[in-house]
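Subject: Structure handover

Hello,

I am passing on the structure we spoke about. Please open it alongside this message and keep the sequence to hand.

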Amino acid sequence: MTDPTDTDLADRYRTALEEERAALLTASEDTGEGRKPVMLDQTQVGRLSRMDAMQGQAMEAALEARRHGRIRAIDAALRRIEEGEFGWCDDCGSFIGFGRLDSDAAAMRCISCAS
């Protein structure tokens, strides 16, 4: 099999990357309320409810950090598309492979180098 062209790769993966990025940004906006600081006023929230709220806030903050990490990876993949470097391993320069890119279009390394 011959290696794909940069245009083939861009056509195949750009839309999926852009859609995933948009979905992550929407999810980030939709969950903003859950990341707000927890009120410590005991007249409004009991101790256990406050602890639950604080745990929920911490979980939302961790999820948001993972979302932003994924957005950064997607942005890097989109930059590689624009630069004509998408789909090629950052370490060895060989084609990453459609299976790996289909699984994670933001992958930067072939399976051999990633191992």
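Below is what was found, starting with the overall fold and then moving to particular residues.

Please keep in mind that this is a predicted model.

Overall fold

The chain has 115 residues, and 26% of them are buried. Its secondary structure consists of 4 helices and 0 strands, which gives the pattern α-α-α-α when read along the sequence. Taking contacts between residues at least 6 apart in sequence, 57% join residues that are at least 24 apart.

Helix 1

Helix 1 covers residues 6-30, 25 residues in total. From first C-alpha to last, helix 1 spans 35 Å, close to the expected 36 Å. There is a bend of about 35° in helix 1, located at Y13. The buried residues of helix 1 are L9, A10, Y13, L17, L24 and S28.

The core

How many residues does the largest nonpolar core have? It has 19, and the ones with the most contacts inside it are L9, Y13, L17, I81, F86 and L101. Helix 1 and helix 2 each contribute at least two residues to this core.

Apart from neighbours within four places in sequence, L101 is in contact with L9, Y13, F86, G87, F95, I96 and A107.

Salt bridges

The chain has 7 salt bridges by the rule used here. As background, side chains of opposite charge can pair when their charged atoms come close.

One is between the side chains of R14 and E82, at 2.3 Å from N to O. This pair links distant parts of the chain, with R14 in helix 1 and E82 in helix 2 (residues 47-83), 68 residues apart. R14 is partly exposed, at 27% relative accessible area, whereas E82 is exposed, at 59%.

Another is between the side chains of E20 and R70, at 2.8 Å from N to O. Because E20 is in helix 1 and R70 is in helix 2, this pair ties together parts that are 50 residues apart in sequence. E20 is partly exposed, with 30% relative accessibility, and R70 is partly exposed too, with 22%. E20 and R70 also belong to a network of salt bridges that includes D104.

The bridge between the side chains of R67 and E64 has an N to O distance of 2.5 Å. Why are R67 and E64 separated by about one helical turn? The reason is that they are 3 residues apart in helix 2. R67 is buried, at 7% relative accessibility, and E64 is buried as well, at 8%.

S28 and E64

E64 has a further partner. The side chain of S28 makes a polar contact with the side chain of E64, at 2.3 Å. S28 sits in helix 1. Is S28 buried or exposed? Its relative accessible area is 11%, under the 20% cut-off, so S28 counts as buried.

G97 lies in the loop between helix 2 and helix 3 (98-103). With 15% relative accessibility, G97 counts as buried. G97 and G87 are 10 residues apart in sequence, and their C-alpha atoms are 7.3 Å apart in space. G87 is also one of the residues in contact with L101.

C113 is in helix 4 (residues 111-114). At 27% relative accessibility, C113 is partly exposed. Which residues does C113 touch, not counting those up to four places away in sequence? They are C89, D91 and C92. The C-alpha atoms of C113 and S94 are separated by 10.0 Å, and the two residues are 19 apart along the chain.

Where to look

After that, turn to E64, which has a salt bridge to R67 and a polar contact with S28.

Regards

Conventions: Residues numbered from 1 in each chain as written. Predicted model: local features only at pLDDT ≥ 70, side-chain atom pairs only at ≥ 80, totals over all residues. Heavy atoms only, no water. Expected span 1.5 Å × (residues − 1). Bend = angle between axes of the 7 residues up to and from the residue. Buried < 20%, exposed > 50% of the residue type's maximum accessible area, 1.4 Å probe, protein only. Polar contact = N/O pair within 3.5 Å; in protein donor to acceptor, adjacent residues only side chain to side chain. Salt bridge = Lys/Arg side-chain N within 4 Å of Asp/Glu carboxyl O. Core = buried A, V, L, I, M, F, W, Y, C linked by side-chain atoms within 4.5 Å. Contact = heavy atoms within 4.5 Å.
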